[in-house]
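Thanks for making time for this today.

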Amino acid sequence: MAESSVIVAIDGPSGTGKSSTSKAVATRLSLGFLDTGAQYRAMTWWMLANGIDVKDPVAVAGACDKPLIVSGTDPQGPTITVDGADVSAPIRTSEVTAAVSAVSAVPEVRVRITELQRTIAAEAPGGIVVEGRDIGTTVLPAADVKVFLTASPEVRAARRSAELKGKDAADVAATREALVKRDAVDSGRKASPLAKADDAVEVDTSELTLGQVVECVVTLVEEWKRRAR
Ligand SMILES: Nc1ncnc2c1ncn2[C@@H]1O[C@H](COP(=O)(O)OP(=O)(O)O)[C@@H](O)[C@H]1O
Ligand SMILES: Nc1ccn([C@@H]2O[C@H](COP(=O)(O)OP(=O)(O)O)[C@@H](O)[C@H]2O)c(=O)n1
């Protein structure tokens, strides 16, 4: 990897701004971008499309090496395909959102997707921003810069429901409930739960604009680059 290459891990619960921040930081610094949640969503979409009982961890484990999941890492046009088909829209439905925590708690699923993520990060020319739940703790524990984003459930639900408006009609209260439930499953699972790495910088984005969060992460990366020189 080139000398100036940098690996940035951004973790946190839903609606804290991981994807928006990571895309903007990657664009600013000419880095790749990987949305690991999209990979778990793609796996979940495939399970549902193929009639696998997502509540049965044995069935999920037995099938999880079948779909070929490919992520494109251009931050200005990230892509995700399953067996060659573009699944960027269907992976965002409420059906997939409701099932994804169960599928992603299955250890065999995590092993397979973690391997994919490590390969993508290792092959990224110039470096990459990888966002998810367990990047700083498990997937890339040696990442150069680690950030853990948080925000209050109220703020996160308001952001999410504004985003979903018109598409998948859900009010703020229902969105908040679904979000808190998913956080609990993601944080409580045995296999690499949602957690802040000890050496991650925690940023509460509740009162910050997206621009301020981006600025904060860019500063952390620039500081790291200065130290690494
Ligand atoms: N700091 C912020 N202030 C206001 N809105 C934000 C902020 N960060 C993200 N958003 C908005 O909140 C929504 C969820 O952000 P997203 O980046 O998808 O979060 P995550 O990837 O953590 O789930 C998006 O509509 C995004 O534009
Ligand atoms: N590194 C990751 C990323 C996502 N996930 C799982 O994938 C789900 C969807 O992630 P996401 O980032 O698309 O979720 P949103 O924050 O966009 O709602 C999470 O709720 C987790 O169950 C995970 O287990 N590990």
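**A walk through the predicted model**

Let me start with Ala99, which is found in helix H4, the helix that covers residues 94–104. Is Ala99 buried or exposed? Its relative accessibility is 8%, and because buried here means under 20%, Ala99 counts as buried. If we leave aside the neighbours within four places in sequence, Ala99 is in contact with Thr44, Leu48 and Val54. For Thr44, which is 55 residues away from Ala99 along the chain, the separation between the two C-alpha atoms is 6.8 Å.

Let me turn now to the sheet. Here 5 strands form an open sheet with parallel pairing, and the order across it is E2-E6-E1-E7-E8. At the edges are strand E2, residues 32–35, and strand E8, residues 201–204, each of which pairs on one side only. On average, and with direction ignored, neighbouring strands of this sheet are turned by 20° against each other. Helix H1 packs on this sheet, where it touches E1, E2, E6 and E7, and the direction of H1 makes about 175° with that of strand E6, residues 127–132.

Lys18 counts as buried because its relative accessibility is 6%. Residues up to four places away in sequence are not counted here, and on that basis Lys18 touches Ile10, Asp11, Gly12, Pro13, Glu131, Gly132, Arg133 and Leu149. With Gly12 there is also a polar contact to look at, since a polar atom of the Lys18 side chain lies 3.1 Å from the backbone oxygen of Gly12. Ser20 has its place in helix H1 as well, but with a relative accessible area of 37% Ser20 is partly exposed. According to UniProt, in an unreviewed entry, the feature "binding site" is placed at a run of residues that includes Gly12, Lys18 and Ser20.

That leads to the ligands. Which residues come nearest to ligand 1? Of the 15 residues around ligand 1, those are Gly15, Lys18, Ser19, Ser20 and Arg160. Looking at side chains, a polar atom of Lys18 is 2.8 Å from an oxygen atom of ligand 1, while for Ser20 the corresponding distance to an oxygen atom of ligand 1 is 2.4 Å. Glu163 also places a polar side-chain atom 2.9 Å from an oxygen atom of this ligand 1.

Ligand 2 is surrounded by 20 residues, and the closest are Ser14, Arg41, Arg110, Arg182 and Asp186. The side chain of Asp186 has a polar atom 2.7 Å from an oxygen atom of ligand 2, and the side chain of Ser104 has an N or O atom 2.9 Å from an oxygen atom of ligand 2.

Key
Residues are numbered from 1 along each chain as its sequence is written. Chains are lettered from A and ligands numbered from 1 in the order in which they are written. This is a predicted model: local features need pLDDT of at least 70, side-chain atom pairs count only at pLDDT 80 or more; totals for chains, interfaces and linings use all residues. Side-chain values use heavy atoms; hydrogens and water are left out. UniProt positions are given in the numbering used here, feature names are shortened, and annotations may be inferred rather than shown by experiment. Buried means under 20% relative accessible area, exposed over 50%, partly exposed in between (1.4 Å probe, protein chains only). Contact means heavy atoms within 4.5 Å. A polar contact is a pair of N or O atoms within 3.5 Å; within protein, one must be able to donate a hydrogen and the other to accept it, and residues adjacent in sequence count only if both atoms are side-chain atoms. Helices (H or I, at least four residues) and strands (E, at least two) are DSSP runs, numbered from the N terminus. Two strands pair if DSSP finds at least two bridges between them. Axes are lines fitted to C-alpha atoms, for helices over the stretch in contact, and angles run from 0 to 180 degrees between N-to-C directions. A residue is near a molecule or strand if one of its heavy atoms lies within 4 Å of it.
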